[in-house]
Amino acid sequence: MCGIVGYVGHRPALDVVVEALRRMEYRGYDSAGVAVLDGRGGLAVERKAGRLANLEAELDDAGRDHFAGSTGIGHTRWATHGRPTDRNAHPHRDATGKIAVVHNGIIENFAPLRHELEAEHVDLRSDTDSEVAVHLVARAYADGPTAGDFVGSALAVLRRLEGAFTLVFTHADHPGTIVAARRSTPLVVGVGEGEMFVGSDVAAFIEHTREAVELGQDQVVVITADGYTVTNFDGNDDVPTRPFTIDWDLEAAEKGGHDYFMLKEIEEQPQAVADTLLGHFANGRIVLDEQRLSDQELRDVDKVFVVACGTAYHSGLVAKYAIEHWTRLPVEVELASEFRYRDPVLDRSTLVVAISQSGETADTLEAVRHAKDQKARVLAVCNTNGAQIPREADAVLYTRAGPEIGVASTKCFLAQVTANYLVGLALAQARGTKYPDEVAREYLELEAMPQLVARVLETVEPVRALARELAASPAVLFLGRHVGYPVALEGALKLKELAYMHAEGFAAGELKHGPIALIEDGLPVIVVMPSPKGRAVLHSKMLSNIREIQARGARTVVIAEEGDEAVRPFANHLIEIPASPTLLQPLLATVPLQVFAAEVAQTRGYDVDKPRNLAKSVTVE
Ligand code: F6R
């Protein structure tokens, strides 16, 4: 949702903080703000609605000399409480102007706390839930048992807060100290030499240090230039933390020569698939990253639910075909936002596979919690090390796609599909529905996929040309069957979110039951063809479907396997992809659709990294 950063060290904090915000802008871009000690005993604050560029212009106008200190905090916002305006932008200050806070998440009990403050005539200057935190700390600091104690005051307030929050406080009377806390939203500590960082993710400090510490639930970190201490909200330092070395390089978090991160991320897909497979097949067996479930527990599973949102959900739809085929277990794929509200039948023999790039998506997290409450086992597929969903799961498989900065998910989709296959194979292996040599063979086929994805990428130039030609179309339809159906849904989602174009994906067999009425002269329809060898029956049915829509004037764009001669007469435009095992075809067929959507969006003049109204991590339900 929001991106937050804190810095204490020897450099000008303003530069470090603004740079961190630039790297985290994908987390939200409704407003941005900084608070930096001014070196004269005060706190200089600037905040501005809109993108970071607006804040930078404001800083240039105000004069950056005010921001001389080497302690500072910053925030880039995705609005939840209060409209995206200057006055609601973070940081928020107390009445003395000496204490400032930035916040990510939601303080659920902010209303009674606000009333309490108002009753004491505290002047609240924003509509946010966040502002109460800074006034409460100011009050605790001014009077009572924690008077004059910055850390103690923050702890006292944290204990009163409910909800999900990461909070970072700075205090002008305590230069060189930052207090940060987390509950159910992310916070990572960056350990430098003579400097320390806190951030929503490692992008905040990746260019300064690779040494990081993951904080646990309800933990508080106090950083100074020389080090850090971690406690719980009671101030007890006997708490577990996890130091780790960041293996993403700076390059991986930048655009790599492309105009947009997303285009770079599309190019990175062969690597994302390969890295996701890495190390997961050892001694003839599939291994997960974190396995707190025994093989016996996996054998006891009698049904599988997959829960996820958006693109991750589409990866789950693909997984259903593979998991059912390999394990003979019934698999239901659910939108996480619907799952817990319909009272699904769950027990300790149910395995819930939660798929999430961010590992923070509130809908998916709540689905996981509901599943756990009902005693189901949870296996997370996640791209973000140590995020909340994998922390709460019984087993984890990380997609190793690296940071995905483009808001629309691309490389993480391919990595999720890959990881989901590994989950299917792990289940089949534990349950004995596949012999070890069959598991090994499936794995080898997966291992061959990165090269095939790279081949698709080498041949997508005609897709870009076609996208430019079709960019003015009022709508585009997508058709698929079997695993091609979720690919069609994903192609349509990409076009909607990037190009703001009306796009719908359909199961091709369903067309005759209604959607065919949408077909009119010149309407582009993108068709994902099943393999003529792997799925001959579906292939011939799909040919009939294309014939039907062509007869009604549709302009057909067909994605088909190389050598699929039968489809040529029905394709106004043919996009060829290498032949692959049927279940793995989504790893190839999705790529031209991503490229198509990105090119249509660029032709229409849109920022493909930051589609309107969207945020990378959606941490509210
Ligand atoms: C679409 C997209 C979203 C996410 C969805 C789930 O391109 O990125 O639909 O897939 O919001 O996000 P995660 O995977 O972080 O749970």
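**Figure 1. The largest pocket takes at least three lining residues from each of domain 1 (3-251) and domain 2 (261-447).** Keep in mind that you're looking at a predicted model, where local features need pLDDT of at least 70 and side-chain atom pairs count only at pLDDT 80 or more, while totals for chains, interfaces and linings use all residues. Residues are numbered from 1 along each chain as its sequence is written, and side-chain values use heavy atoms, leaving out hydrogens and water. A pocket here is an open set of points on a 1 Å grid over the protein atoms alone, with protein on both sides within 12 Å along at least five of seven lines, and a lining residue has an atom within 4 Å of a point. This one has a volume of about 1,000 Å³ (the space filled by probe spheres set on the points, which are joined across faces, edges and corners). Its lining runs to 47 residues.

Figure 2. Two or more lining residues come from each of β14 (242-245), α7 (269-277) and α12 (388-392). Helices (H or I, at least four residues) and strands (E, at least two) are DSSP runs, numbered from the N terminus. Helix α7 gives the most to this lining, with 3 residues. Sorted by class, the lining of the largest pocket has 17 nonpolar, 15 polar and 15 charged residues. (Nonpolar means Ala, Val, Leu, Ile, Met, Phe, Trp, Tyr, Cys and Pro; charged means Asp, Glu, Lys and Arg; the others, Gly among them, are polar.)

**Figure 3. The second largest pocket lies between domain 2 (261-447) and domain 3 (457-603), because both give residues to its lining.** This pocket holds about 590 Å³ of space. Of its 30 lining residues, Cys 309, Gly 310, Thr 311, Ala 312 and Leu 493 lie nearest the centre. Elements giving two or more residues to this lining are α9 (310-327), β20 (350-356), α11 (362-373), α17 (484-499) and β24 (502-507). Helix α17 supplies the largest share, 6 residues. The lining of the second largest pocket splits into 12 nonpolar, 11 polar and 7 charged residues.

**Figure 4. The second largest cavity is a space of about 50 Å³.** In a cavity, a 1.4 Å probe fits but cannot get out. By this rule, there are 3 cavities of 30 Å³ or more. Around the second largest cavity you'll find residues including Arg 481, His 482, Val 528, Met 529, Pro 530, Arg 535, Thr 582 and Gln 585. Its lining has 4 nonpolar, 5 polar and 2 charged residues.

**Figure 5. Eight strands line up in an open sheet, in the order β3-β2-β4-β1-β10-β9-β11-β14.** The pairing is antiparallel, and two strands pair if DSSP finds at least two bridges between them. At the edges sit β3 (43-49) and β14, each pairing on one side only. Zoom in on β2 (residues 31-37) and β4 (residues 71-77), which pair in the antiparallel sense over 6 bridges. There, Val 36 has Gly 72 in β4 as its bridge partner.

**Figure 6. Stepping back, the chain divides into three domains: 3-251, 261-447 and 457-603.** These bounds come from an automatic or database domain assignment. How far apart are the centres of domain 1 and domain 3, taken over C-alpha atoms? They're separated by 47 Å.
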